[in-house]
Structures are given as structure tokens and as C-alpha cells.
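Keep the 3D view open as you read.

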Amino acid sequence: MGPFMRATTRKKRETVMETALLLFVEHGFEHVSVDDIIARANISKGTFYHYFRSKEDILDEISGRQIRLIEEWVKQPPSKVTSLESHINRLFIDLASNIGRYPKLVRSIMLLTLQPQPAGSPARRQEQTALAEGLLHWLPNAHKVQLLVTTYYGTLLTWSTQEEQAPHGLLALLEHNMKWAWAGLRAEQSAEGWSAGTIVKEEPQMKVAIIGGGLAGLTAAAYLSERPGIEGILFERSPQLGGRAFTYEKAGFTLNYGAHAIYGIDRHTISNLERELGLSFSSKQVDKRRVMYAKHGMLTQAPLDFVNLVKTDLLNAMQKVRFVGEITAIIANIHQLKNYATLGDYLAESDADEDVKELWEHLVCSNFFITPEEARKVSGSVISEYYHNLFLSSKPVNYVLGSWAVITNQLKQKLTGSGRWEIALQEGVESIRYADRKFILQTKSREAAFDRVIFAMPVQQVVKLLKGTAWEPFVAPYENNTATEVMVYDIGLERVVARPFSYISDMDNKMFITDVSATDHTLVPEGGQLLQGIAYLSDDFDSEDARRAYLDRKTEQMERLFDTHYPGWREAVAVKRVSKKAMVASVKNIASNELLPNRVENVPFYFCGDGCTGKGELAERAFSSARHVAKLIMDDVKVTAGV
């Protein structure tokens, strides 16, 4: 029947369908004939066949309902997804709840599905296909999806063949089976993590304050929330958590203030977080064959691996041999770069050709988000350690599907679920003092005492908060650290205007454009495209007028780059956001800056964030430093408890 049938016709058809379903539930599908339906519905045979081709056609309506539910689930925006695992579990629960009242009918459906040529099977196959494709939208791993789908349908079959079936019994069985499936998918975790046994409550031995609700603050709090002997408060002065990893939606597009790209995910700290905190998220690797460099009007493949290096036109044959040798030396940890104070010092003494030197400079620009001048100021040991990890990675650039919100929502959930932690939004800490063997934090609304304090905020704000205290002289040396700032030019397009590559880096003007939606399809409405342009910025200007003129030139250069590679973008813009100065990291990791240590001599606090010492760059430094300070405090609890 078409979608424009009259209301009375639709109502009569639905009455026949509900009558048939009731009979299927009472007697089982296989024991009900068309004549039984006609008799119970009090209609003629002609009327029945006007609406339905067969009784199997009625059964297909159930699959249709399930398919519509799956389609609505797929459309959920990433920012509403608290965790990938719970999001997927929610779908299975909803699907099971839809049919959990009809055990005999479910049994009939499952038995029909198992027949060699089941009646009405196309609709059920469509349902299974829709479920698999829907799951692949969020979890792009066919093997994992197959396991979850098999677990779901296996659960339905088991439940429907039991002698005693109750609706809540299906959900309980589904929860039990899904727990084991997820435990297996996490590989290194055991199903024991799903135990619902009695939790012995401990009296808190320590109260912790965390100042700052960005990635670092959330990570530290998530680790501490797992220790029963610790309770605390996470203070965040803004209305939302995540800091510069904040995500918001507009016109169906999900925009990120902090790019959710992860470099070397298989060797990244976030892989530890996923395992240790039980996080569930999915990621997708950027297609290395579609990463391009533009130089002097020419396009060539970026030398991300051996295959691309052979194809690139940036270097000649001898230069490629030299560059491969340098990469090999860094992987083996014998490259001389690590012994130089800065990249500039190394390049000044290197006998490499200028093209090789420029490539090194550009690599540091693109991974550290800084200009060539600043790239030359990065410590040789920092670069060597960073690329040692990256070159060994089998997944150099991945995107967390659904943006940082998928991670931050799960970290938040761990805090709220512990029952021992409070999240204080829009409550900035205004002062801190020491009294009666406690640290007293003052906000506009209260005063509270704590045993430990973690600063998870930009270094410059740390120094400001400690002004006038006895601890000021010890953190003052870090006050003048400069931040890493870039121009961010996001455009959400109502249609895909062009997709020549997933990433294009303009080596001449030091900027790049990423087709974010080519890797993370969850961020755009159907048929849309999300492009993000980034320009590395200099911060050396004689006047504010000179700075503004420079930023205007960068904006024009970025728009020309869009014009060149994505013609027609101006007419297709649905959403546009331009941040002429966006902070990427609170401390630029160059020789003239000094990262704030996690512990400072004569200062009784802990420090974490992207401006603090830790593994890696950008977001990884926030994750790794937070993980480290949390473990230091948890070790303190062990000592206090006499463990």
C-alpha cells in the first residue's frame, strides 16, 4: 500500500494486522491460516488480499518496525552518545523490547529464519542487513559487528525456545550475553569486569580537588573515581566539560573546538585509557594514499610511509635514500638529532640537501602545529622521541568516530557513576590556602577543604591563581610560556563539492585542509561534507595592527586554498566557523619554553595538562600527564592505608 492511503483504509489495514499478530502470539505463526485471520477480523477474503499478499506479508511488518527503529538510532548525534558500548547496547535493548512481549511469535520468526527457504525471508534479511550496516556506521569493524549481531539473534532464539518466557527474561538474558560479547571484544579485559556482586563500601581516606574540566582533569578524575578510598570535586569554570575538546552541533554538523585526530593510536596513551578505564570508542584511519602535499603549484603524495615515499616528487632518488636512512636511525633510536638542542641546530650542521631539511621542518610544523621558524626551536630530543613512536606506529593518523564527545562523555559517566565525585560546572576556584593540614579552596559559592589538589588548567592560569601565595615563586618561572595558536576555518557543506583527497597541505603558505567527513562520517548530515582548514600562526609582531593584518592575509590564503581544491564550496556552505586564534596547546613545546613538571619542588600540588611534562604532543600530553598524577595520588592512598 502506498504512503498516501486514506486514514480509514490505513486504520482498517492496521486492525487486520493487529488481529493477525494476536493470533500469531496465541498459537504460533505456523499454526495460523489466512482463514483464521479472516474469521477473527470479520472481513472477506478479498479484503484481506487487498491489503496483504499473504500471512507472511504481515510478519514482515515486524521487520519493518525494527528497521525504522535502527534508522532512527543511526541518526543520533555524536554529542548525545555517552559511550559507544552503551549506545549500541541501547539499540539491542530497544529492538528486544519491541518484540519481547511476543515469545511465541519470536519463536516462529526464528524458526522460519532457520528454514532453507523461509517464507517472507527478504524482509527479515533486510532487517539483519539494516542492523549490520547501522552498527558499522558507529563501529567500522565487520568482525566485531558480526559477533554482536550473532549474539543478539542467538539470544532471541534461546529465549524464544525456553519453556517459561517473560519479557524481562529476554532483557536479562540479552544483558548477560552482551556483557560477555563486549568482554571478548575488549580482548585484554575479562568478563569478571561485569560482575554485579556486592560492592563493599569504604570510608574515603582522601579528598581530592581537581581544578579544570578539560581532557586532563576528566582523565585524572576518572582514574581516581575507580579507587574507593578517594572522593573529590571537579571544578570547571565554564558551562561545559571538555575544555578545548568541546563539541557542539549546528544544522546537523558536529563541530569540534579541538581536532579529534590521534597520532599513532596503537602506541598512544589513549589505548591505555581504553583498557584501564574500560572505555569504548571506535576510530578510523586516514587513508594514507589520499594525503597530499602542495608545493610551488604542484601536487604530490605525502611521504607518510615507504609506498608514499617512493611515489612522492618532493625528493629525488638520492634524497629518498637519505630520508629513509634518517627514519631508520630514529626508529632504532640512534639518530644524532636527539643530541641536539634544537632542530635548527641539527639542520645547520646536517649535510643533507635543502629539500630534505625542508621536509623535516614541514613534518615538525604539521605534527606540532607551529610555523617553520618555531619548528627550528623544538628540542632535538623531543622530536626524536615523538617520531620514534610515530614511525613505529601501524596507524599514524586516526579519528575518534563521533569526536572527543565520545571520550569526554564516558569519562564524565565514570565520575557520576562512582557516587563519590561531584562535578561543579560554572564554579571557578578563586583562591587557595593551607590551614589545619588541609588545602582550602574558595569559589563564589563555597569554601571546601581537601587533602590533595590537582591543577588541570593552562599553566598561565595556574600561575595567576597562585599569585600572592607562598608557592608563587616556585611556579613563576613558567608564567611566560607561550601557547600554540592556529587559525581554524571550519565549513560544513550541504553536499560533497569535491573529494580529491582526505588531506592537502600547502607547504608554501604553511596551512592545510582536512576533509574530516571523509574519515569520520558521523559528523555530517546525510550527503554533507565537513572541511577543516588550519593555518600555523606566527606570534612575533610589533603592533596589534600588524597582527590583525597578518591574520586577514591568512584568512584570504585559506579561502584561496578552498577555492583551488574545493570549487563551489562558497555556494554550498551550511555552517561556517572561523577562529582566527585558537589555542591548540597551552605551552608550545620549544626550547625557549619549559613544560610545567607534574610535581614542583616546594609546591604541594600536582599538575597535568598539555602544558605539563608527559608523553607525546597535544592531547596525548594531557592524557599521559593526568594518568601519571592520578597514579601518584593512588599510590599515596596505598601508603596511607598501609598497603
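A residue counts as buried under 20% relative accessible area and as exposed over 50%, with partly exposed in between. Keep those cut-offs in mind, and remember that this is a predicted model.

With that in hand, here is the overall picture. The protein has 643 residues, of which 53% count as buried. Its secondary structure comprises 24 helices and 20 strands. Of the contacts between residues at least 6 apart in sequence, 70% join residues at least 24 apart.

Three strands make it up, in the order 11-12-13, and their pairing is antiparallel. Strand 11 (431–435) and strand 13 (447–450) are the edge strands, each pairing on one side only. From one strand to the next, the twist averages 25°. As a general point, strands of a sheet pair through backbone hydrogen bonds, either parallel or antiparallel. Strand 12 (residues 438–442) is joined to strand 13 by four bridges, and Phe439 has Phe450 of strand 13 as its bridge partner.

What links the side chains of Arg433 and Glu447? They meet in a salt bridge, at 3.2 Å from N to O. Because Arg433 lies in strand 11 and Glu447 in strand 13, the pair ties together parts that are 14 residues apart in sequence. Arg433 has 40% relative accessibility, so this residue is partly exposed. Glu447 has a relative accessible area of 47%, which falls under the 50% limit, so Glu447 is partly exposed as well.

In general, side chains of opposite charge can pair when their charged atoms come close. Another example is Asp94 with Arg90, whose closest N and O atoms are 3.1 Å apart. These two residues are separated by about one helical turn because they sit four residues apart in helix 5 (residues 84–99). Asp94 is partly exposed at 26% relative accessible area, and Arg90 is partly exposed at 42%.

Glu276 and Arg275 also form a salt bridge, at 3.9 Å from N to O. Glu276 is partly exposed, with 27% relative accessibility, and Arg275 is partly exposed, with 32%. Finally, look at Glu374, Lys377, Asp539 and Lys588, which salt bridges link into a network.

Key:
Residues are numbered from 1 along each chain as its sequence is written. This is a predicted model: local features need pLDDT of at least 70, side-chain atom pairs count only at pLDDT 80 or more; totals for chains, interfaces and linings use all residues. Side-chain values use heavy atoms; hydrogens and water are left out. Buried means under 20% relative accessible area, exposed over 50%, partly exposed in between (1.4 Å probe, protein chains only). Contact means heavy atoms within 4.5 Å. Two strands pair if DSSP finds at least two bridges between them. Axes are lines fitted to C-alpha atoms, for helices over the stretch in contact, and angles run from 0 to 180 degrees between N-to-C directions. A salt bridge is a side-chain nitrogen of Lys or Arg within 4 Å of a carboxyl oxygen of Asp or Glu.
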